[in-house]
Amino acid sequence: MRTPPLASGAEGPDALRPLLDTVLDALADGGHARGGPLPAGGPETVAQRIRDAVGDVLPDKGDPNALYDLVRALAEGAADPAHPHCAAHLHCPPLAVATAADLAASVLNPSLDSWDQAPAASELETLVTRTLAAETGAADALVTTGGTESNQLALLLARETHPGVRLVHGANAHHSLPRAAWLLGLPEPVTVPAPAGTLDPAALDEALTELPGPRGSLLVAATAGTTDAGLIDPLPQIAALCAAHGARLHIDAAYGGGLLFSERHRPKLTGLEHADTVTLDLHKLGWQPVAAGLLTVKNPHDLTALAHHADYLNADDDTEAGLPDLLGRSLRTTRRPDILKIAATLKTLGREGLGALVDQVCAHAHEFARLVQTHPGFELHAPPTISTVLFRPGEATDDAVADIRRKLLHDGRAVLGRAHLDGRLWLKVTLLNPHTRPDDLAALLKLVEGNTS
């Protein structure tokens with residue numbers, strides 16, 4: 001058998017070009033066969049279709065049609081985040097420019113664990129992370145796989161700065177925060193009430209007053225963009241309380257961090273600049289292919305906790321001779337250059353272009369909320385803060401709400417989320433597609449209405 005061509009090197013583009021046509025054709029054919037935001041039939045139907053398409057995973061002889069067949073099957077069985085009725089999760093349709101840059105990253109295949117594997121990528125990462133860190137008032141930022149890794153790193157840096165630090169978070173916090181405390185062997189976290197969906201400053205003040213320990217022994221985690229409703233904690237008040245009590249502050253802005261690009265919505269993040277660490281996640285409100293997370297760090301000295309030595313990667317004499325040491329930039333060793341797609345997006349669209357996308361999806365959320373509010377059969381939870389809207393059929397039970405969602409999923413007609421707030425179950429729409437039109441939103445509400453008994 002002839003040796004398969006490589007994707008990189010001088011002959012790489014010629015080897016890739018026909019394969020790209022194959023992939024693009026398979027994506028189009030699979031999406032057409034799917035015909036909606038989700039494949040119809042439910043898990044067993046999709047699983048059987050994939051089993052039929054794959055057949056023998058490791059055949060004795062290779063199949064020249066495998067790339068087309070697999071991509072087509074995956075596309076037919078995918079949830080399409082670009083479809084206006086795919087609105088359940090913080091699952092964005094990636095920008096074409098970011099996806100194209102991601103292809104280049106895969107082709108070049110740098111590994112950001114030593115300079116000699118990623119000379120240009122390491123410098124690009126330095127430039128872009130410092131620029132994004134400055135947006136939050138921080139000095140530096142690390143690239144991560146997303147919000148969960150960023151939150152884990154934030155707790156790790158806090159623990160290394162203050163051994164035995166205890167996490168204090170709102171009842172609205174992302175599940176990755178208490179899980180990170182468990183993973184790192186920290187004391188049992190303290191949960192502060194969030195009766196209106198956001199952390200209550202009075203309850204936080206009481207908790208910080210009563211909890212024992214010296215200054216710096218408590219880590220408060222606030223949220224800028226909750227998973228359930230896209231709400232933002234009162235960041236200035238929380239920052240002031242942390243300063244008064246000597247507590248460290250982490251802000252999980254995995255969702256809401258994208259508001260920084262918008263002149264109109266950026267003020268909602270006032271207070272972010274006071275945080276010791278901030279989680280950002282640009283594969284949410286940044287339209288990047290997964291993964292595109294960051295953790296910004298106000299005090300660069302905190303990063304010394306990540307220092308690590310492996311002679312084949314960062315030998316002392318190499319470092320002293322001027323080769324950059326990259327091991328202290330992550331807990332991972334091998335790291336792909338996810339910064340390239342982010343850099344290409346920032347440079348191509350600029351602040352104005354990204355801000356326009358943010359403004360559009362936020363406006364879509366307000367339009368959908370207006371449609372719900374003016375419809376006699378539906379109840380709106382609250383006006384949206386970012387791009388998430390919670391609603392429900394007015395007279396439906398929680399079981400009926402859950403059934404509506406599952407029926408739409410099974411039929412492949414709409415992908416809606418769910419959230420428990422105020423003791424009731426709500427349908428959740430998270431709008432991240434800037435190209436969604438008003439009639440798409442009306443049609444989505446009509447789908448829900450048609451499945452309400």
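Is Arg351 buried, partly exposed or exposed? Arg351 is partly exposed, at a relative accessible area of 48% (buried means under 20%, exposed over 50%, partly exposed in between, with a 1.4 Å probe and protein chains only).

This is a predicted model, where local features need pLDDT of at least 70, side-chain atom pairs count only at pLDDT 80 or more, and totals for chains, interfaces and linings use all residues. Residues are numbered from 1 along each chain as its sequence is written, and side-chain values use heavy atoms, leaving out hydrogens and water.

Let's look at the salt bridges. The structure has 25 of them (a side-chain nitrogen of Lys or Arg within 4 Å of a carboxyl oxygen of Asp or Glu). Here are some:

| Pair | N to O distance |
|---|---|
| Glu135 and Arg351 | 2.9 Å |
| Glu149 and Arg332 | 3.5 Å |
| Asp403 and Arg406 | 3.0 Å |

Glu135 sits in helix H5 (residues 119–135) and Arg351 in helix H12 (residues 339–373), 216 residues apart; helices here are DSSP runs (H or I, at least four residues), numbered from the N terminus. Glu135 is buried, at 16% relative accessibility.

What about Glu149 and Arg332? Glu149 is buried at 13% relative accessible area, while Arg332 is partly exposed at 24%.

Asp403 and Arg406 are three residues apart in helix H13 (residues 398–411), so about one helical turn separates them. Asp403 is partly exposed, with a relative accessible area of 43%, and Arg406 is partly exposed at 43% relative accessibility. Elsewhere, salt bridges with shared partners join Asp102, Arg336, Asp338 and Lys341 into one network.

How values were computed:
Helix = DSSP H or I, 4+ residues; strand = E, 2+ residues; numbered from the N terminus.
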